[in-house]
Amino acid sequence: MECGKKTVPLREELWTASGDQAGLIGSGCTLCGEIFFPKKKSAFCPHCQHEGLQDATLGSRGRITTFTMVHQQPAGGFYKGPVPYAYGVVQLPDGVNVETLFTGCRPDEIRTGLEARLAIEKLYEEDDGTEVLTYKFVPTV
Amino acid sequence: MKPPGETREVVVAGIGATRWGYYPDRESYELAAEAIIDALKDAEMEWREVETAFCGSVYQGTGSGHQAVREVGLTGIPVVNVENACSSGSSAFRLAYQAVASGLHDVALAVGFEKMPKGPIPSTAFRPTELQMGFNVQPANYALETLLYMEKYGATEEDFSLITVKNRKNGALNPHARFQKPVTLEEVMNSRAVAGPLRLLHCCPLADGAAGFILCTRKKLRSKSRAVTVAASVLTSGVYGEAVYQCGMVDSVKFPPAEGMVEMSARKAYQFAGCGPEDMDVIQVYDSMAPGELWDIEKLGFCKEGEAPRLLREGVFDINGKIPANTDGGLISRGHPLGATGCGQIYEVVLQLRGEAGPRQAKEAKTGLCHTMGAGPNSSIIILKK
Ligand SMILES: [Zn+2]
């Protein structure tokens with residue numbers, strides 16, 4: 001992140017803090033223990049139907065369970081990041097899988113089983129120069 | 001669901017379909033009307049005998065089925081438009097089946113039709129953040145699952161490339177298919193990378209077109225010799241904890257499901273039909289992406305997990321094999337007219353059971369199965385018996 005650049009999160013309440021303190025915000029069920037990411041606005045747990053979800057900050061390191069490299073622009077015009085790009089799934093020690101973009105390494109270095117750490121980074125830049133930030137994971141290669 | 005003994009027998013009396021292709025000069029309701037009129041003629045019935053209509057499509061919008069019916073005749077019957085992603089056609093078929101099985105109607109129409117819209121397609125199958133993060137790439141979502149399958153069972157890129165080769169070979173025998181030219185293994189494996197490890201020729205093409213059916217009681221049949229019985233029509237949706245990357249859903253780490261959605265639909269369909277995978281003489285499985293056909297065959301119980309690649313190489317799923325799969329070329333050759341895809345499968349299995357499949361006829365085909373999936377997620381199984 002360059003100094004002085006205006007930044008906005010892709011969406012509110014996806015993560016808390018920044019830098020090394022950053023953590024994704026999920027919801028945890030006080031009855032069954034299930035964890036959801038992103039957090040749910042309702043307290044209703046769709047696993048056990050108990051009305052007891054509470055915000056939970058998730059661990060910032062996990063393991064890559066699967067990934068792919070996309071070579072084409074996604075349909076619909078919703079995605080404004082770079083192409084090609086890599087995405088996949090990281091399993092966090094809290095016991096939750098997170099679908100995520102990957103960053104910080106060459107695509108051919110990504111492997112299942114690798115450790116990956118959370119990073120808050122630019123997804124794309126608005127026309128006025130504002131950087132739109134999102135969560136990504138950096139594989140430890 | 002009530003057991004079969006408590007519902008009426010439902011038969012497919014007539015079938016109709018357009019060729020699958022690209023129709024810049026025809027409207028979706030014209031394609032649908034062509035399939036409906038074909039199905040009526042095939043059933044030797046008059047339009048005024050049809051008591052209700054269920055019209056499946058994904059992108060045709062409000063009242064699109066009514067537009068099709070208007071081209072055939074306005075008789076005041078109930079017309080219901082069905083949108084259920086790639087299972088829309090199968091879902092329309094199921095509703096028509098239910099209308100007759102329940103005793104509410106004696107003759108019902110099911111039609112699936114699609115004309116792919118031009119330009120960006122708004123997606124409601126993903127949450128807004130997932131769309132903005134670029135998680136809505138269909139081949140990429142299959143790639144996530146493909147990698148897991150490859151790691152678990154040692155399957156290779158060549159294994160699922162052979163699915164494309166098989167289906168394109170079958171498609172070459174189908175005058176209705178969008179692609180009627182076979183491809184070699186080299187062509188598949190050298191095609192452009194789309195989302196590692198998937199390449200262009202592992203992906204089905206889109207298509208426009210329509211297929212329709214007249215369903216009725218046995219009593220209403222004109223031609224008893226060509227009728228095919230609907231032995232089961234089952235629809236399931238997502239089960240808790242199972243990943244469906246096609247809808248942005250990941251596996252639950254803490255609460256994995258006891259049974260997946262596809263396995264559940266298959267179990268319920270076999271149970272209702274009173275038969276099992278060993279009784280199927282011809283199958284239409286879901287090959288929107290080539291590797292998907294491998295695990296679909298396994299999840300439907302035709303072999304053990306991880307065995308499909310070996311059996312494919314042995315020719316078990318060829319037209320003259322033990323379990324002919326996607327005899328019409330599947331989505332990979334036929335093309336994928338989203339809301340019509342399920343009806344395209346049913347059309348092929350009815351042809352096969354009637355012995356009217358010409359050069360791609362499977363031998364002694366008495367019982368067949370169709371499986372469609374789709375965003376939602378949905379899993380639809382239809383079992384047909386001669
Ligand atoms: Zn709960």
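## Close-up views of a predicted model

View 1. At 33% relative accessibility, B:Glu356 counts as partly exposed. The structure shown here is a predicted model. The side chain of B:Glu356 meets that of B:Arg354 in a salt bridge, with 3.2 Å from N to O. B:Arg354 is buried, because its relative accessible area is 12% and the cut-off for buried is under 20%. Salt bridges with shared partners tie B:Asp42, B:Arg226, B:Arg354 and B:Glu356 into one network. Side chains of opposite charge can pair when their charged atoms come close.

**View 2. A salt bridge joins B:Arg222 to B:Glu49.** Over all chains, the count of salt bridges is 27. In this one, the N to O distance between the side chains of B:Arg222 and B:Glu49 is 2.3 Å. How many residues apart are B:Arg222 and B:Glu49 in the chain? They are 173 residues apart, so the pair links distant parts of the chain. B:Arg222 lies in the loop between strand 7 (209-216) and strand 8 (228-237) of chain B. B:Glu49 lies in the loop between helix 1 (28-43) and strand 2 (52-56) of chain B. With a relative accessible area of 40%, B:Arg222 is partly exposed.

**View 3. A:Lys39 and A:Asp55 pair in chain A.** Their side chains form a salt bridge, 3.2 Å from N to O. The partners are 16 residues apart and link distant parts of the chain. A:Lys39 is in the loop between strand 4 (35-36) and strand 5 (53-57) of chain A. A:Asp55 is in strand 5 of chain A.

**View 4. Helix 5 of chain B packs against helix 9 of chain B.** Helix 5 of chain B covers residues 138-153, and helix 9 of chain B covers residues 290-299. Their axes are 10 Å apart, at an angle of about 60 degrees. The two helices are therefore oblique to each other. The crossing of helix 5 of chain B with helix 9 of chain B is left-handed. Helix 5 of chain B brings B:Tyr142, B:Glu145, B:Thr146 and B:Tyr149 to the contact. Helix 9 of chain B brings B:Pro291, B:Gly292, B:Leu294, B:Trp295, B:Glu298 and B:Lys299. By class, these contact residues are five nonpolar, two polar and three charged. An α-helix has 3.6 residues a turn, so residues three or four places apart point the same way.

**View 5. Helix 6 of chain B also packs against helix 9 of chain B.** Helix 6 of chain B runs over residues 157-171. The packing angle is about 95 degrees, with the axes 7 Å apart. Are the helices parallel or perpendicular? They are roughly perpendicular. Helix 6 of chain B supplies B:Asp159, B:Phe160, B:Ile163, B:Thr164, B:Lys166 and B:Asn167. Helix 9 of chain B supplies B:Ala290, B:Pro291, B:Glu293 and B:Leu294. The contact has five nonpolar, two polar and three charged residues.

**View 6. Helix 9 of chain B is mostly covered.** Nine of its ten residues are buried. Among them are B:Gly292, B:Trp295, B:Asp296 and B:Ile297. Just after this helix, B:Gly301 takes a positive phi of about 90 degrees.

**View 7. Helix 1 of chain B crosses helix 2 of chain B.** Helix 2 of chain B covers residues 64-72. The axes of these helices are 8 Å apart, at an angle of about 55 degrees. The helices are therefore oblique to each other. Their crossing is right-handed. On helix 1 of chain B, the contact uses B:Tyr29, B:Ala32, B:Ala33, B:Ile36, B:Ile37 and B:Leu40. On helix 2 of chain B, it uses B:Gln67, B:Ala68, B:Glu71 and B:Val72. Eight of the contact residues are nonpolar, one is polar and one is charged.

**View 8. B:Asn141 is buried in helix 5 of chain B.** Its relative accessible area is 1%. Beyond its neighbours within four places in sequence, B:Asn141 contacts A:Tyr87 and A:Glu99 as well as B:Phe126, B:Phe135, B:Asn136, B:Tyr245 and B:Gln246.

**View 9. B:Phe317 is a buried loop residue.** The loop lies between helix 10 (308-313) and helix 11 (330-334) of chain B. B:Phe317 has 1% relative accessibility. Leaving aside neighbours within four places in sequence, its contacts include B:Lys166, B:Ile297, B:Leu311 and B:Pro324. B:Arg218 is 99 residues away along the chain, and the C-alpha atoms of B:Phe317 and B:Arg218 are separated by 32 Å.

Methods: Residues numbered from 1 in each chain as written. Chains lettered and ligands numbered in written order. Predicted model: local features only at pLDDT ≥ 70, side-chain atom pairs only at ≥ 80, totals over all residues. Heavy atoms only, no water. Axes fitted to C-alpha atoms, helices over the stretch in contact; angles between N-to-C directions. Helix = DSSP H or I, 4+ residues; strand = E, 2+ residues; numbered from the N terminus. Parallel < 35°, antiparallel > 145°, perpendicular 65-115°, else oblique. Left-handed = near helix turned anticlockwise from the far one by under 90°. Contact = heavy atoms within 4.5 Å. Nonpolar A, V, L, I, M, F, W, Y, C, P; charged D, E, K, R; others polar. Salt bridge = Lys/Arg side-chain N within 4 Å of Asp/Glu carboxyl O. Buried < 20%, exposed > 50% of the residue type's maximum accessible area, 1.4 Å probe, protein only.
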